[in-house]
Structures are given as structure tokens and as C-alpha cells.
Amino acid sequence: MGYKIGLTLFALTIGTLICSIPMVSAAESSPVTQVTASNSNKTVIDKSKLVQAVADAQTYKSSIGNDAQISQDRYNRALNMATALEKQPSATQDQIDSATTLLNSAISENSLFPKQENPNRYTSVPVGQKWLDTQGAPIQAHGGGFLKQTQANGRPIYYWVGEDKSQNNSRFNGITLYSSTDLVNWTYRKTILAPSLTDKGLENATIERPKILYNAKTKEYVVWAHWESAGGYSSSQICVATSKTIDGDYQFLGHWRPGANATNRNWRVTDQSATFDKTGQPISDYSDESTWGTGSRDFTLFQDGDKAYIVSTQDGSNMRIYELNADFTDVDKNAMKSYLVFPGARREAPALVKDGQYYFMINSSQSGWYPNQARYSYTKNLSDENGWESSTTPSGAKVPAGLLGNNSTYYSQPTGIMAVNGTKQTSYIYMGDRWNPDKLGESTYVWLPLTIKDPSSDNPSMSMAYTPGWQLDNATGEITTGNDQLLSQGKPATTDAAGSVATGDFGLNQANNGDAMNLNTSGGNSTYFKPIGKDGQPQVPFTYTVDLQKSYNLSHADVSFNLYNGSESFSQYTIETSLDGRTWQKAADESANTMVGFVSDKLSGRARYVRLNVSKVLKVGKSPQNAAWTAGLVEFQVYGTPIETGGTTTPAPSTPPATETGASSSSSNIGASSSSVSSTSSSAASSSTDSGSTTVTTKKKRTKYPFKIYAKKSIYLYRHTDFTKKNQLTHYQKKSRINADTFTVVGTARSRNHALRYKVRDTNNKSRLFGKVGYVTARPSYVARLYYQTLPKSKTITVIAKKGVDVYRSTKQSNRINHYKRGTILKIKKIIKNNKVTNYQLRNGNYVTGNKKIVIQGKY
């Protein structure tokens with residue numbers, strides 16, 4: 001994206017190996033501190049954290065070979081860099097700090113993953129979920145580019161290059177390369193471009209959205225990327241690297257603005273000043289585009305036969321198209337005059353494909369890390385600046401004419417389009433990124449079937465629906481999307497927001513009419529249901545209930561919330577289902593949701609009525625604030641299949657479905673016979689759906705991770721599954737239960753003699769290895785679950801923690817309502833489990849923790 005709003009960008013630089021300030025020799029300094037003298041001024045260089053990071057990393061050296069290849073590569077690269085700087089007397093503090101951060105990141109739980117080979121892990125694309133490579137590590141290829149090649153056996157092979165953001169921030173951490181023969185199971189091949197101590201263009205930089213081409217003339221692979229000096233977006237440049245083989249050693253050609261003279265390259269803008277990388281020579285004026293080139297940010301490459309093009313966001317308002325030279329290593333100012341496309345429209349993240357007689361382009365609006373409505377356009381001639389189909393906004397700007405997906409593009413931003421040419425048909429795949437601004441390394445991918453209609457007519461079109469679980473037959477090109485049907489569209493809907501209207505602007509039907517798009521290019525959504533209270537103001541909490549008119553087998557529900565670009569908010573909610581409108585069951589729990597704009601929840605079981613209960617609408621930020629003014633539903637879509645047997649229409653209850661638990665309230669209703677709603681309901685909680693997890697089909701029930709354990713005896717933490725003295729990381733003494741050491745189990749593994757081990761993260765705040773990952777025994781006599789998993793026969797628990805236990809109204813553990821001292825005996829009704837933690841519901845309906853360090857089963 002062009003402007004990363006809301007993300008703190010900071011420059012942790014690798015720096016340069018050569019410093020203009022003379023430094024004392026290594027023999028005159030300790031390995032921890034050095035003194036740099038310049039005239040009478042002295043600067044102390046502190047290497048203590050680097051030394052500690054190297055020592056910590058060395059403990060993984062004997063076991064790193066058991067991890068996935070990408071984990072090994074990150075580890076070895078970062079350790080080699082840090083070790084070189086540790087011995088380098090002229091190292092700068094910026095270099096040291098940056099190398100320390102990279103090394104600590106390389107040995108964190110975000111980087112180290114045990115090798116778990118599975119070349120056929122997936123049968124369908126995990127849309128918006130964690131996606132693992134064939135060795136079990138999360139795929140790190142964000143903002144990616146794609147290339148189709150032919151293997152020696154004549155079959156296609158696909159390559160994917162992208163950003164490694166495992167360190168969870170925007171600084172450059174490598175461009176990765178993956179390959180696949182089915183577009184579902186991807187093998188990590190190599191990090192083809194990485195931070196460097198010898199190339200200034202690869203240090204202190206942000207490198208984004210890499211793309212790859214193959215040039216048949218030069219027989220070279222060419223990688224382009226968006227290049228910035230770390231910490232800002234003023235440099236606005238591209239960078240280019242080439243290799244004779246797809247996974248070979250890429251030569252970094254430098255960074256510059258498209259159209260720059262050969263002598264006006266490898267410079268950067270920092271703190272409003274510009275300097276050349278090599279000499280540090282200041283640049284007073286770089287405004288002459290004929291000399292310095294034109295700014296370039298988010299971009300894509302598109303190859304059309306032996307020609308190639310770059311479509312690039314020039315600045316905050318404009319997008320530009322250039323033709324590349326014959327080698328694909330720079331733009332060619334003489335081949336085609338570059339031109340602005342959709343000037344002033346603030347477009348970015350372009351992706352192109354050709355079908356029939358048209359070139360199609362998808363792009364998004366500039367709204368930071370958060371999503372917006374994608375648009376598409378088409379032209380018959382890439383060199384014709386007036387050929388793109390457009391529409392005009394109220395402000396007068398021309399924008400792409402077509403809208404794609406929904407108002408948030410299903411919470412994604414386009415990065416590419418893949419054409420799959422099979423024996424039966426050619427299919428197109430939209431490839432997008434679902435950015436997680438708080439943890440960029442956990443960002444996922446949204447790949448969906450893309451439909452192009454009438455590509456040889458005068459009125460072609462594109463469309464895309466949210467279809468989780470879709471499958472591709474790579475040989476035939478056929479796509480299977482399953483049997484789910486949209487059940488809720490046009491069906492009767494009700495709400496407890498008494499001031500709402502049934503139809504028209506902001507009416508109930510707006511969230512149930514099949515229109516989930518946003519015509520506006522900035523500000524709020526164009527059409528949506530707005531919950532209005534009796535006072536005429538937006539009402540939160542609110543409910544939205546749809547009557548499917550007969551019972552169905554439910555599969556999932558998609559919620560498109562109102563978006564207000566630049567002032568994003570998220571909604572927290574639950575979904576309940578009912579057969580009769582009186583008795584309700586919780587089907588999905590998103591009461592802790594922080595996803596903006598679009599959420600998809602798995603549903604199960606049979607139901608006629610589906611109710612969305614929105615409890616909070618909060619503005620994005622470090623301390624989320626109430627944002628009820630943005631509340632609204634663009635579309636609430638319920639999917640499922642007919643009941644084959646016994647699928648007759650469920651008799652309507654004497655009153656329409658309940659919409660609120662508690663006192664009765666009035667409601668607005670569309671398509672129902674009554675405008676009054678009985679508000680009495682009972683809710684039976686069921687297990688919530690984790691829409692962020694990847695499901696792997698298996699006959700054996702799998703343990704869910706993470707979960708917490710505590711040490712019952714004296715134990716060791718090991719760096720490897722083979723428990724030898726050499727592999728010991730630290731020792732935990734036996735302690736009383738209320739003071740026991742605790743860990744989070746993130747997986748399991750077997751030693752060479754097949755003993756079961758827990759892969760754990762140290763969660764003890766005072767531990768010197770807090771946050772570190774290692775292995776402990778899984779023997780029940782040494783470790784146990786930290787949270788109870790069952791009800792005691794006596795249905796009583798006793799408080800054992802010295803500070804007592806807090807009592808809450810819900811399992812969310814917020815808004816404490818009571819406190820019980822140590823020794824208090826409590827009567828309990830049931831246990832509520834969500835894998836990682838457990839709560840007991842008391843007989844009075846309130847909740848306390850099921851943590852064994854705080855309570856004990858029975859009377860004590």
C-alpha cells in the first residue's frame with residue numbers, strides 16, 4: 001500500500017560497514033563496548049545486546065537443522081551478520097542495533113518452525129487463513145508477484161516471490177521465492193534477496209511488493225520491487241535484480257526512480273534531505289523528472305509477449321504506466337511515452353491480466369493498511385491513455401468504471417492475477433493480501449476465483465464472490481466452489497433498533513439485498529443498514545435477524561460492515577441460530593473481533609432464524625474508542641444447503657423471532673407480518689468458530705494449540721527434542737502449585753527415541769528466557785494442563801491464590817463485579833472451555849477462572 005496509516009514505521013538499519021569517524025581497534029576495546037573518538041567528542045558503542053543475542057542464537061545451532069528451510073536461512077543469515085559485526089571494530093550503533101533485532105527475530109517463535117514435510121498438505125486454498133509451506137512454516141510472500149513456467153516434463157510450474165515480514169514490521173527482511181505445481185501446496189526455494197552489509201541499497205531500506213518476469217531474449221529472471229529508505233515514503237523508487245536461474249544468486253542493480261538518468265541512481269530521502277548512498281553527497285533538488293525520474297510506490301509488472309510494462313502509483317494522487325526496455329531492467333522512455341491513468345483518483349495496488357481483446361486492471365484506493373472497495377477497468381490498447389474505461393466521481397476525478405468483490409474486497413488488497421490455462425478452460429484467480437497492521441508477519445492471503453465475462457464484446461465485465469474452500473484442477477483449469485447457497489438474500493429481516501426504517505436509505509433491506517459494494521472512493525459506504533434508536537441516533541448494541549422461511553443446513557455467514565476510509569472501525573458480535581425463533585444457540589463468537597470491514601464465520605447445524613448481535617463498534621487504535629456513529633451492515637449473508645429429508649418449512653412461531661435478551665422492545669421489520677418483537681429468548685452456548693485457523697482433514701482427532709501447562713516437578717527447557725546436557729537451555733526448580741512455572745504449548749514433537757515432547761514458549765515474566773521457545777517433557781507426572789478441563793464431581797471449587805479470585809459477568813474477564821478471598825468455597829454449574837483458557841460458571845451465572853494456580857477442585 002502507498003501510505004501505511006496507523007503503523008509506526010521505524011528505521012532499524014543495517015547501516016554501512018565503513019564509517020567516516022575513526023574508531024579504536026578491537027584490541028583496545030572490550031567485546032561489549034567501544035569508544036569512538038572524534039576530536040574531543042567521544043561516542044560509546046554498546047555491543048552488549050548484540051553479544052547476548054549471539055549467545056542466545058548459538059544455543060539453537062545444534063538443532064536448527066531440524067527446522068523448516070526458511071527458518072534455517074533466516075537464522076544463518078542473521079547469525080552470520082551479527083557475528084561479523086561483533087568482531088568489526090568500526091561497526092556503528094545503528095548496524096549493531098539492527099543486527100541485534102534481526103537476530104532476535106530469527107530465533108523468535110515467529111521464525112522457528114519444526115520441519116514437518118507434507119507436499120500435499122492442502123486440497124483447497126485456505127482463504128484468509130494461515131497458509132503453511134510444504135515444510136510446515138507459514139508462507140512469507142506478502143505483496144507478491146507470480147510467474148508461470150514450463151517444466152522439462154511439459155507440465156506447468158508456478159513461482160511466487162514476496163516479502164518476508166516475519167519480524168512483524170516494515171523494514172526489509174528478504175524477498176522469498178516459492179514454487180508449486182498445483183497453486184495450493186507451495187515449497188520454499190530460497191530468499192533471493194536479503195539484507196546486506198556490503199550493498200548499501202539493501203540496508204536501512206523498506207522493500208515491498210516484489211514482482212518477477214522472465215526475459216526470453218536475455219534468458220534472465222528479473223525481479224522488481226518498490227524501494228524506500230526505511231522510515232518514510234519520500235524516496236519513491238524501484239529496485240531491480242537479475243539472475244540466470246530462478247533460484248540463483250540475484251545481482252542487485254540498484255534503486256532509482258523510473259526514467260532517471262544512469263548517473264542519478266542509488267540515492268535516498270531521509271528527514272527531508274537527499275543524499276547519494278555511496279558518497280553521502282547531498283542533493284539539493286531532485287524535482288527535474290527528466291533527470292531524476294518519476295516517483296514510484298505500489299506497482300505491478302505485466303508481460304505481453306516480448307514486451308513488458310510497469311503500472312505504478314506515482315504519488316498520493318496519481319498512477320502512471322511505462323513500457324520497459326528490451327532487457328526488462330528499466331523503463332524505456334523512447335518506446336512509449338509514459339502517461340497518467342486515473343489522474344487524481346488516489347489509486348494503488350494494480351494487477352493486470354489480458355483476456356480476449358481487452359487488458360483488465362484491478363486496483364484499490366489509498367487508505368493505508370486497511371481495505372477498501374477494489375475497482376477494475378479495461379482497455380484494448382495499453383499505449384492509449386484515453387482508452388481505459390472510467391467513471392467520474394462527484395469531485396470530478398476519473399476512476400475505474402467497475403466495482404469488484406464487496407466494500408472491503410473481502411478484507412484484501414490486490415497483488416496479482418493468475419491465468420490458469422487448462423485442457424478444458426482458462427480460469428483466473430484473484431490474488432490479494434489481507435494485511436494485519438499490528439502483526440504484519442501474520443498477514444494472510446485472499447485468493448478467489450475471478451470471472452471475466454464477454455471479453456470480446458463491447459461491454460466486458462469482471463466479478464468475484466467470496467467462496468471459501470474452492471478447489472482448482474490445475475490440469476483442466478476447472479474450479480469447484482461447492483454446493484453452498486446464499487439463503488438470506490431478500491428474506492424477512494428484523495432489528496431491535498426501534499428507530500430504524502424498513503426500506504430506503506439506511507433501511508433494513510440494505511443489508512439483505514445482495515448489494516455489498518461501495519460507490520464512494522472515500523468516506524463512508526454508499527448503501528447500508530444503519531441501526532437507529534428511539535432518539536434518532538445510531539444504536540449500539542443492536543441486532544439484525546433474518547428469517548430464512550424454512551430450515552436449512554447452515555455452513556457459514558459473511559458480514560460486511562460499514563467502512564469509513566481513514567477512520568476505520570471494527571464490530572464485535574455473536575451469531576445465534578434458532579429453529580423456532582424462541583430457543584437460540586450461539587453459532588459464532590466474534591466478541592473479541594478486531595478485523596475491519598469483513599468477517600466470515602463457519603456455522604453448523606440446522607436453523608431457520610439467524611441473528612447477528614452487535615455488542616460494540618470501536619475505532620481502530622491503541623486504545624479503541626466508541627465509534628457507534630460508523631455502525632452499520634452493508635450485507636449480512638447466510639449460506640447453507642437444503643435439508644434433503646424432513647426439510648419442510650418450519651411452522652412460524654406465534655411471534656416473530658426474538659431480537660434481544662431482556663426487556664421487550666419494538667422493532668422494524670421487512671417482509672414479516674408483525675412489527676412488534678417478543679424479546680424473551682434463551683441462549684445455549686456452543687463452541688465458537690475460529691475463522692483464523694487452518695483446518696487439515698484427518699481421521700484422527702488433533703489436539704488444538706496453543707494451550708497452557710505448568711511444571712509439577714523440577715524440569716529443564718531444551719533447545720532440541722533430544723534431552724542431553726548439551727541441549728539444556730535453563731532449569732526450573734520445583735515450586736508450590738500457586739508459584740509454579742508456566743508455559744504455552746505451541747506444538748508437539750518426538751525425540752529420536754520417539755519420546756513425546758512439548759514445544760513450548762516460556763511465559764514466566766521474571767525468567768531470563770521469557771518468550772523463548774524450546775522443548776520440555778510431556779510426561780504427566782512432570783507437567784499438567786494449567787486450566788481444568790472437567791467439572792469436579794462435587795461441583796465445588798476452592799480459591800487457593802493468596803490474592804483471591806475475581807468474578808466477572810462473562811468469560812471475557814472484563815468489568816469485574818466481585819472478588820472472593822483465599823479459602824472461599826464456590827458452587828459451580830458448568831465449565832466453559834476455549835482450549836487455551838477455561839472458566840467455571842457459578843450457580844449465580846457469573847464466571848471465575850479455571851486456572852489451577854488460582855482455584856482447586858473440591859473443598860480444600
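Where is Trp-267 found? In this predicted model, Trp-267 sits in strand 11, which covers residues 267-270.

Trp-267 has a relative accessible area of 0% and is buried, because buried means under 20% relative accessible area. Leaving out residues up to four places away in sequence, Trp-267 touches Trp-227, Gln-237, His-255, Arg-257, Ala-274, Thr-275, Phe-276, Asp-277, Ile-283, Tyr-286 and Trp-292. The C-alpha atom of Trp-267 is separated by 9.4 Å from that of Gly-254, a residue 13 positions apart from Trp-267 along the chain.

For the chain as a whole, the secondary structure comprises 4 helices and 56 strands. Of the 860 residues in the chain, 55% are buried. The exposed surface comes to about 36800 Å², with carbon and sulfur atoms supplying 46% of it.

Val-446 lies in strand 26, and its relative accessibility of 0% places it in the buried class. Although Val-446 and Ser-412 are 34 residues apart along the chain, their C-alpha atoms are separated by 6.3 Å. Ser-412 is also one of the contacts of Val-446 once neighbours within four places in sequence are set aside.

Attention now turns to the helices. Two packed helices are described by the angle between their axes and the distance between the axes. Helix 1 (residues 48-58) packs on helix 2 at an angle of about 140 degrees, with the axes 10 Å apart. That angle makes helix 1 oblique to helix 2, and their crossing is left-handed. On the helix 1 side, the contact involves Leu-50, Val-51, Val-54, Ala-57 and Gln-58, which meet Tyr-75, Leu-79, Ala-82, Thr-83, Leu-85 and Glu-86 of helix 2. By class, the residues of this contact divide into 8 nonpolar, 2 polar and 1 charged.

Helix 2 (residues 69-87) also packs against helix 3 (residues 93-106), here at an angle of about 150 degrees and with the axes 9 Å apart. Helix 2 and helix 3 are therefore roughly antiparallel to each other, since angles over 145 degrees count as such. Helix 2 passes helix 3 in a left-handed crossing. From helix 2, the residues in contact are Arg-74, Tyr-75, Ala-78, Leu-79, Met-81, Ala-82 and Leu-85, and their partners in helix 3 are Gln-95, Ile-96, Ala-99, Leu-102, Leu-103 and Ala-106. This contact of helix 2 with helix 3 has 11 nonpolar, 1 polar and 1 charged residues.

The remaining pairing is that of helix 1 with helix 3. Their axes come within 9 Å and cross at roughly 25 degrees, which makes helix 1 roughly parallel to helix 3. This crossing, too, is left-handed. Lys-49, Leu-50, Ala-53, Val-54 and Ala-57 of helix 1 make the contact together with Ile-96, Ala-99, Thr-100, Leu-103 and Asn-104 of helix 3. The residues involved divide into 7 nonpolar, 2 polar and 1 charged.

Some backbone details deserve a look as well. Most residues other than glycine have a negative phi, and most peptide bonds are trans. Thr-409, in the loop between strand 23 (402-404) and strand 24 (413-421), has a positive phi, near 50 degrees. Thr-409 is buried, at a relative accessible area of 0%. Asp-454 likewise has a positive phi, of about 50 degrees, without being a glycine. The loop that holds Asp-454 runs between strand 26 (444-453) and strand 27 (461-463). With a relative accessible area of 49%, Asp-454 is partly exposed. Finally, the peptide bond from Val-540 to Pro-541 is cis, with omega near 10 degrees. Pro-541 belongs to the loop between strand 31 (493-495) and strand 32 (542-561).

Notes:
Residues are numbered from 1 along each chain as its sequence is written. This is a predicted model: local features need pLDDT of at least 70, side-chain atom pairs count only at pLDDT 80 or more; totals for chains, interfaces and linings use all residues. Side-chain values use heavy atoms; hydrogens and water are left out. Axes are lines fitted to C-alpha atoms, for helices over the stretch in contact, and angles run from 0 to 180 degrees between N-to-C directions. Helices (H or I, at least four residues) and strands (E, at least two) are DSSP runs, numbered from the N terminus. Angles under 35 degrees count as roughly parallel, over 145 as roughly antiparallel, 65 to 115 as roughly perpendicular and the rest as oblique. A crossing is left-handed if the near helix is turned anticlockwise from the far one by less than a right angle, and right-handed if clockwise. Contact means heavy atoms within 4.5 Å. Ala, Val, Leu, Ile, Met, Phe, Trp, Tyr, Cys and Pro count as nonpolar, Asp, Glu, Lys and Arg as charged, and the others, Gly among them, as polar. Buried means under 20% relative accessible area, exposed over 50%, partly exposed in between (1.4 Å probe, protein chains only). Accessible areas come from the Shrake-Rupley method with a 1.4 Å probe; for residues, only the protein chains shown count as cover.
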